[in-house]
Amino acid sequence: MSITVATTKLVDILSDALQTASNDFGGVHLTTTRAPWRDEPSDVDLLAASSTNRRVLGHTWIPCDGRIDPMVWPCQSVADVLALIKSWAKAKGGDQHTVDISLILADPPEDAKDGEHPGWTVTLRETPALFDSDNEFQFHAHHESRFPISIVHRLRTNTFVTKDDYEEVPLTLWSPVVLSPLVAVAKRRNMQIQLFRHPERLLQIVQIGDTWIGIAMPNTPMPGDTTDGPSIEPVLGEAQMSSEVADLLRNGSGLFTVDDAKAAAKASADELRKAVELVVTTGFGSPSQIQRKLKVGYARAAQLLDEMEGAGIVGPAVGSKARDVHFKPSDLAGALGALDDDESDEAGE
């Protein structure tokens, strides 16, 4: 059994596969199949590579000639192969360089268990028909049972175990261990990272380019974590938007759009109205209460009270005491009206 592959393409999938590989799962799973390849009119032979480090799974593929049985290459062997084929391609042929990969059943180890597959002896060499070379590299590969290939099949069919008590929230927690291999693959491919959430499960489907798909597992929020928005906010004070910044936003140069700025202003106004409702209905003008109930930072809570003071809804701050509330719960409409009048005066100015 053997295949012939373009060396540069083999470098591509092995480089990406090594980013998400772990010897805990044998290394990198390699197999051949037949499937569509870009603009080819019919199915072609493909070499597919899959790997996982428990938190991230990656799956990618390249065209090849021939078929081989599934096998798992140890991570060190993948690294050695990459170093060798890069040097071979650089010395001869460049993008036209190809290599042959063949495998035979390995001799059983002395400590082999009954019925245990001995694995494969893999030989990688420059294609003899094209290159006058005796360069080759031989190593041992594991049987495919060392790799949880069923996960890749679930990725293909989208049949993942779901949790009845899972509740989707805006917050997703990503550790560097999860993000770093995704960033490395995206950077090498010069492609964006596309993440797809699902309302019934924590893990997310990831796509990078047109030949890399995988799974990434975010961390689980701890009890008490704020999950509907950030728990901190910028420490800068209020500032007017300069004409240069306005032009930048209007021209769509990458920060925000004008619609985003309008949406942010509306969200701020809505937050102020919620704070007014809270303070008036409870009769308690405390920044800590606003911080806790509206899940905003302490500085933002104090700022909201200052804005209410400007509208005559609460009195001035007196040390750490709660502010006096000038409207009774039964006159919430009057308080909101005073807020609207204050906003109208500011707009007129």
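Axes here are lines fitted to C-alpha atoms, for helices over the stretch in contact, and angles run from 0 to 180 degrees between N-to-C directions. Helices (H or I, at least four residues) and strands (E, at least two) are DSSP runs, numbered from the N terminus. The model is predicted: local features need pLDDT of at least 70, side-chain atom pairs count only at pLDDT 80 or more, and totals for chains, interfaces and linings use all residues. Residues are numbered from 1 along each chain as its sequence is written, and side-chain values use heavy atoms, with hydrogens and water left out.

Start with the helix pair. Helix H1 (residues 7–19) packs on helix H2 (residues 75–91) at an angle of about 150 degrees, and their axes lie 10 Å apart. H1 is therefore roughly antiparallel to H2 (angles under 35 degrees count as roughly parallel, over 145 as roughly antiparallel, 65 to 115 as roughly perpendicular and the rest as oblique). On the H1 side, the contact (heavy atoms within 4.5 Å) is made by Thr7, Leu10, Val11, Leu14, Ser15 and Leu18. H2 contributes Cys75, Val78, Ala79, Val81, Leu82, Ile85, Lys86 and Ala89. By class, this contact has 11 nonpolar, 2 polar and 1 charged residues. Ala, Val, Leu, Ile, Met, Phe, Trp, Tyr, Cys and Pro count as nonpolar, Asp, Glu, Lys and Arg as charged, and the others, Gly among them, as polar.

Now turn to the sheet. Its 7 strands run in the order S6-S2-S3-S4-S12-S11-S10; the sheet is open and the pairing antiparallel. Two strands pair if DSSP finds at least two bridges between them. Strand S6 (71–73) and S10 are the edge strands, each pairing on one side only. From one strand to the next, the twist averages 25 degrees.

His198 stands opposite Arg201 in S11.

Finally, look at strand S2 (residues 28–35), which holds Thr31. Thr31 is buried, at a relative accessible area of 19%. Buried means under 20%, exposed over 50%, and partly exposed in between (1.4 Å probe, protein chains only). Leaving aside residues up to four places away in sequence, Thr31 touches Leu46, Leu47, Ala48, Ile68 and Pro70.
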